[in-house]
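Okay, thanks everyone, I'll keep this short. I'd like to talk through the aromatic side of this one, so let me put it up on the screen.

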Amino acid sequence: QVQLLESGGGLVQAGGSLRLSCAASGRPITGYAVAWFRQAPGKEREFVAVIRWNNLDTYYADSVTGRFTISRDDDKNTIDLLMNSLKPEDTAVYYCAADPTPPVVPRALREIIRYTYWGQGTQVTVYW
């Protein structure tokens, strides 16, 4: 089993930045893909960004491209999501998720159903 724990959420003014972290425990996640999803009130959970643990390939939703960066921090052994130029529409609960058998096709990494392990989520609220 893999346990995921998110941290770093909070309240931030529009235009500001936040860094979320996802810490994995239980077993090594070498070879996994780790993604961030988010869910706003009354909306479905949606893909934000993903990184392949082994080769560090990254993919982003169009809505966050150029503003968000997903990365692996080897010192902390976390997957981080740096969010810049935040907008009120970025307000959501952000979830970290891990796929133990990531597909070759990048687009398939956006599919929620692929992800076996999920964290509890961390709230991000962006205000004017």
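Let's start with two tyrosines: Tyr32 and Tyr117 are both buried. Keep in mind that this is a predicted model. So how do the rings of Tyr32 and Tyr117 sit relative to each other? Their centres are 6.4 Å apart and the planes are at 15°, so we call the pair stacked. For those of you wondering about the cut-offs, centres have to lie within 6.5 Å to pair, and planes under 30 degrees apart count as stacked.

What I like here is where the two come from. Tyr32 sits in the loop between strand 3 (18–25) and strand 4 (33–39), while Tyr117 is in strand 10, residues 117–118.

Okay, next pair. Phe37 and Phe47 go edge-to-face, with 5.9 Å centre to centre and 75° between the planes. Phe37 is in strand 4 and Phe47 is in strand 5, residues 46–52, so this pair ties together parts 10 residues apart in sequence. These two are both buried as well.

Now zoom out a bit. If you search the whole structure, you get six aromatic pairs. Ring pairs also join Phe37 and Phe47 with Tyr95, Tyr115 and Trp118 in a cluster.

And then there's an arginine to look at. Which rings does the charged end of Arg45 sit over? One is Tyr95, where the charged end is 3.7 Å from the ring centre. The other is Trp118, at 4.9 Å from the ring centre.

Definitions and conventions:
Residues are numbered from 1 along each chain as its sequence is written. This is a predicted model: local features need pLDDT of at least 70, side-chain atom pairs count only at pLDDT 80 or more; totals for chains, interfaces and linings use all residues. Side-chain values use heavy atoms; hydrogens and water are left out. Rings of Phe, Tyr and Trp (its six-membered ring) pair if their centres lie within 6.5 Å; planes under 30 degrees apart count as stacked, over 60 as edge-to-face and the rest as tilted. Helices (H or I, at least four residues) and strands (E, at least two) are DSSP runs, numbered from the N terminus. Buried means under 20% relative accessible area, exposed over 50%, partly exposed in between (1.4 Å probe, protein chains only). A charge sits over a ring if NZ of Lys or CZ of Arg is within 6 Å of the ring centre and within 35 degrees of the ring normal.
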